[in-house]
Amino acid sequence: MLSLIDRNIFNMGEFSNMGEITAVTSGKGGAGKTMFASNLAGILAMQGKKVLLIDMNTGFRNLDLCLGLESQIIFDMADVIMGICPLRKALIRDSRFPALFLLSASQICDKIKISEEHIKKLCRILSEKFDHIIIDAPSGMGTSWNVAVCAADRVVIVMTQEYSSLRCNDTIDRKLLELGIKSRYAVLNRVTPERLSDSIFPSFPEISESTTAKIIGIVQEDDSVHVGMNSGTPAVCRKGSYITENFLRILSRLMAD
């Protein structure tokens, strides 16, 4: 399969820079990692960066829906690796941004087995074409999760204000450390003022003490985020909103190290 990747990827044109690879994951489903990945990519693209979103949720892809690009998906990552199409034909451009592209996952789980070697080679080549690669990795752990995070320079763990989420977050964080990924960050999502003041839910000090990953931001529960997810327009597209300003602050902390 690697020879097919070589043939397809090197047909993209000249490369110049080396981009950064960020994987976004969570310990359990429903934490909001796909929301975070799409808005992070959007805020980077709004700054004029060339960004590629890679959906690694084989069988459960959602990034195309979050970006409103579902009708444009013809080829996916599996098609590229199998040699069915050149990589450039599988990259879908979001016309609302200067340079935001999507490489979709396959919706068929057993279409092809994608290995760590495939992803490392793919990302190494693509990092010469894009300023930033954002990988929407699966939740939890396992073979597909290992494949999704193996090429990442940094990983963001999205968690919620629940004890079960904190435990899963800690497990994910330890596994990332075992894999040699030193740049690990956490984002607390779906936060409400009521939960922050309710003793039933973990307090922010408890959350901070529960993980060695650096907490870089809090995303409040907000209907506009869900509207954006369902309408195919990332919430950060509303320039000047507090959501956009919040993601700008999160981005600055993420890129500071």
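**Figure 1. Ser104 is buried, at a relative accessible area of 1%.** Buried means under 20% relative accessible area, exposed over 50%, and partly exposed in between (1.4 Å probe, protein chains only). Ser104 sits in the loop between β4 (100–103) and α6 (116–126). Leaving aside residues up to four places away in sequence, Ser104 touches Asp55, Arg61, Ile73, Asp76 and Met77. A contact requires heavy atoms within 4.5 Å. The model is predicted: local features need pLDDT of at least 70, side-chain atom pairs count only at pLDDT 80 or more, and totals for chains, interfaces and linings use all residues. Residues are numbered from 1 along each chain as its sequence is written, and side-chain values use heavy atoms, without hydrogens and water.

**Figure 2. The structure holds zero disulfides.** Cys150 is in no disulfide; its nearest cysteine sulfur belongs to Cys123, 7.1 Å away. A disulfide is a pair of cysteine sulfur atoms within 2.5 Å. Cys150 counts as partly exposed because its relative accessibility is 21%. Cys168 counts as partly exposed, at 25% relative accessibility.

**Figure 3. The protein contains twelve helices and eight strands.** Helices (H or I, at least four residues) and strands (E, at least two) are DSSP runs, numbered from the N terminus. The C-alpha atoms fill a box of roughly 55 × 40 × 35 Å along the principal axes. Of the 257 residues, 53% are buried. Among contacts between residues at least 6 apart in sequence, 80% join residues at least 24 apart.
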